Amino acid sequence: MLKTKTSKGFAAAALLLVPLVAPAQQVTQPTYRCTGNDGKKYYGSTIPMQCVGRPIEQMNKHGLVVRRIDPEGEEKERAEKVAAQAKAKEQEAATREQSRRNRALLATYTSERDIDDARARALKDNQETVRDVENKIEALKKRRAGYDKELEFYQDKKGGAQLPAKLAEDIKNTEIDLRAQEELLAVKRKEVDVINARYDDDKKRYGELTGRAVR
């Protein structure tokens, strides 16, 4: 008799435990909510089609928001991250290039005097080029003056003599060459400032790298 009562007691206890165990085994699906483009609220156990690309709230079984999904914010964050990575790579590349230039500078010069000598050679080469271009311009102007005299002959000749094709072509080519040389001369004259600025920078960096005062 005692055994029967004990068995019944265990069975009753087991029945009482069933409601406690069963809810723990249930899987609660999250609920998603958003406001669509039309201003209406949409809900679903999966993200509704109307919520795609819109801010979404994920709620638990009690209706409390446990997570917010902002596609635009996430996309902006990704874009900012990509931009930051690109900027970091650019800065890294610039640092490597500056390091390379510094090593090359120290390998090229052993003193500030070397820099001054290199500057003097560059300026001398530039001046020689300027003189050469000036001489070419002078020669082209003389050639054009000769063609102008021939041109006057044909223009003054009664009956309107036709200008020879060879003379017309020579005048045209001389004008083209003259313009090209004058443009080159302007560039070479401006190059003096570029040369001085380059060697000023080299001298400054050399002083910084070697700890020497730049004079």
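**View 1. Aspartate 70 sits in the loop between strand 4 (65-69) and helix 2 (71-108).** The model shown here is predicted. Aspartate 70 has a relative accessibility of 36%.

**View 2. One disulfide is found in a search of the whole structure.** A disulfide is a covalent bond between the sulfur atoms of two cysteines. Here cysteine 34 is joined to cysteine 51, with an S to S distance of 1.9 Å. The torsion about the S-S bond is about -90°, so this disulfide is left-handed. Cysteine 34 lies in strand 1 (residues 31-35), and cysteine 51 lies in the loop between strand 2 and strand 3. The pair therefore ties together parts that are 17 residues apart in sequence. Cysteine 34 is buried, at 3% relative accessible area. Cysteine 51 is buried too, at 0%.

**View 3. Ile47, Met49 and Val52 form a nonpolar patch on the surface.** Together they have about 330 Å² of accessible area. Valine 52 lies in the loop between strand 2 (41-44) and strand 3 (56-59). The cut-off for exposed is over 50%, and valine 52 has 57% relative accessibility, so valine 52 counts as exposed.

**View 4. Aspartate 200 is part of helix 4 (residues 165-210).** Aspartate 200 is partly exposed, with a relative accessible area of 43%. How far apart are aspartate 200 and arginine 119 in sequence and in space? They are 81 residues apart in sequence. In space, they are 9.0 Å apart, C-alpha to C-alpha.

Definitions and conventions. Residues numbered from 1 in each chain as written. Predicted model: local features only at pLDDT ≥ 70, side-chain atom pairs only at ≥ 80, totals over all residues. Heavy atoms only, no water. Helix = DSSP H or I, 4+ residues; strand = E, 2+ residues; numbered from the N terminus. Buried < 20%, exposed > 50% of the residue type's maximum accessible area, 1.4 Å probe, protein only. Patch = residues over 30% accessible without salt bridge, like charges linked within 9 Å, V, L, I, M, F, W, Y side chains within 5 Å. Areas by Shrake-Rupley, 256 points an atom, 1.4 Å probe, with all protein chains shown as cover. Salt bridge = Lys/Arg side-chain N within 4 Å of Asp/Glu carboxyl O. Disulfide = S-S within 2.5 Å.
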